[in-house]
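Thanks for coming, everyone. Please have a look at the model on the screen, and then I'll walk you through a few spots.

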Amino acid sequence: MTKLTRRNLMTAAAATGLAGVLGSRLALAADEPLGITLVVPSPIGDVGWGHALAAGLEPIKAAYGDKVKITVLENIAEGPDADRIMNKTVADGNKFLVAGSFGYQNGALQIARRDPSVTVLHASGFQVAPNFSPFAAKYFQGTYLLGMAAAALSKTGKLGSVSAFAIPELITSINAFTLGARAVKPDIEVSVVWVNSWFDPAKEQEAAKALIAQKCDVIFSNAQDTPSVISACEEAGVYAFNLNSSMKKYAPKTYLGCISTDWSPFFKASVDAHLAGTFKGANAFLGVADKVVEVVDWSPDVPADVMTKIKEIEAKIADGSFSPFTGPIMKADGSQGVASGAAMADAEIIAMNWHVKGVSTPLPK
C-alpha cells in the first residue's frame, strides 16, 4: 500500500505542476489493476480514524492481490488542496475513491457526477448519487453502552467529551453516551469541548485537562486521531474511551474501552460491486449488526452487575430489538425530542442537530 502526504504532493506540484505528481492521464488497459485511493485529513498512525480506514482496505489487497493497486494519501486538508488531489488521482485512472472526511463531500460528489465510471465512498456525509455512497458508523450504539459503564464508575456525576466537529455523527455519539449514562444515573451531566479539528494533539490535551478541572471523571475522546486525550486522562487518573481503534496501550490503568470500527466488510462489498458493474449508491449507516461496530477492551473496573446489564442491552442492539434513541427523550432545551415508545429512524439520526437533556454545553452556532 503506497502512502503519500500532502507535503510530498504539494512540494512536487510546485516544481512540476500537480499533473506531474501523479502522472499523465492514460487510458487503462483492461488487464490493469483497479486503482483504489484513500484520502484522509490526518496522518496514518497506529490508532484513530485514518488508521481504521486504511486497515479496512487491507483485506481487499489480500483478496484481489495484483488486481488492485491501493494508494493512501494522508494529511490532505479539507478544501481546495483535497479537491485538486482527488481530481488528479481520478484523472490518472484510479476508478475507486474513498474520500475519508466529511469536508471532502462537495469535491468528491462533483467527481462522481462528472465520471460515472468512478465509484466514490464518502465518509460521514449525506449526499447520494448512483456511483456515490456516503458511509458512517453507528457509533451511538457503542457510546450508549460506554455511557452506562461511565455512570457506574463516576463519583462526581460529571462526564466530559473532547469532540472534533459538531457534525451529526459526533452529536449522536455524545447524545447516546448521555442517554446511556442517565439510564444508570438519571441526574448525570455531560460537558463538551469542541476542538474544531480532526488532528490537533495540543488542543485535544488542553481540552481534556479543562474537563478534568471541571471534575469530569470519565472523558469521551470523540473522533481524535491521536491518543492525546487518552494519555492526559491516564496521567490524571481519569477514565477515558474513544472511537475507531484501541488506544489501551496509552492508558493501561484508566482505559474504559473502545468503540472499534472495522470497515473491511463494507469496503470489500463495494469493491466487489464495482468490479461486477453492479454498484449502486446508497447511504450506508453501519453498526453492530453489520459487524462494523464493536465495543472492545472493556475495563475490568466496571461492576459485574452493570456489565451484565450492558451485555443484555448490547444483544438487543445487535438483534434490532432496542435502539438508544427510543423515547421518551427530551432535548437539552426542555422540548420533546422523541415521543414515548417511538424510535428515531436512521434518516433522523443521520441529521441530528440537537442535544439531549443532560448535555450541559450548547451546540456551537
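I'll take a helix pair, then the aromatic rings, then one proline.

Some ground rules. This is a predicted model, where local features need pLDDT of at least 70, side-chain atom pairs count only at pLDDT 80 or more, and totals for chains, interfaces and linings use all residues. Residues are numbered from 1 along each chain as its sequence is written, and side-chain values use heavy atoms, with hydrogens and water left out.

Helices first. Helices (H or I, at least four residues) and strands (E, at least two) are DSSP runs, numbered from the N terminus. Look at H4, residues 80-91, and H5, residues 105-114. Their axes come within 9 Å and cross at roughly 30°. That makes H4 roughly parallel to H5, a term for angles under 35 degrees. Axes here are lines fitted to C-alpha atoms, for helices over the stretch in contact, and angles run from 0 to 180 degrees between N-to-C directions.

Who meets whom? From H4, it's Asp-83, Met-86, Asn-87 and Val-90. From H5, it's Gly-107, Ala-108, Ile-111 and Arg-114. Contact means heavy atoms within 4.5 Å. By class, that contact has four nonpolar, two polar and two charged residues. For the classes, Ala, Val, Leu, Ile, Met, Phe, Trp, Tyr, Cys and Pro count as nonpolar, Asp, Glu, Lys and Arg as charged, and the others, Gly among them, as polar.

Stay on H5. Its buried residues are Gln-105, Gly-107, Ala-108, Leu-109, Ile-111 and Ala-112. Buried means under 20% relative accessible area, exposed over 50%, partly exposed in between (1.4 Å probe, protein chains only). The cover over them includes H4 and strands S4 (96-99), S5 (119-123) and S6 (132-137).

Now the rings. The whole structure has 13 aromatic pairs. Rings of Phe, Tyr and Trp (its six-membered ring) pair if their centres lie within 6.5 Å; planes under 30 degrees apart count as stacked, over 60 as edge-to-face and the rest as tilted. Phe-220 and Phe-241 are stacked, 4.6 Å centre to centre with 5° between the planes. Phe-220 sits in strand S9 and Phe-241 in strand S10, 21 residues apart. Phe-220 is buried at 0% relative accessible area, and Phe-241 is buried at 0% too. There's also a cluster: Trp-49, Phe-135, Trp-263, Phe-266 and Phe-267.

Last stop, Pro-201, in helix H8 (residues 201-213). Is Pro-201 buried or partly exposed? Partly exposed, with a relative accessible area of 31%. Pro-201 touches Thr-226 and Ser-228, not counting residues up to four places away in sequence.

Note on methods. Parallel < 35°, antiparallel > 145°, perpendicular 65-115°, else oblique.
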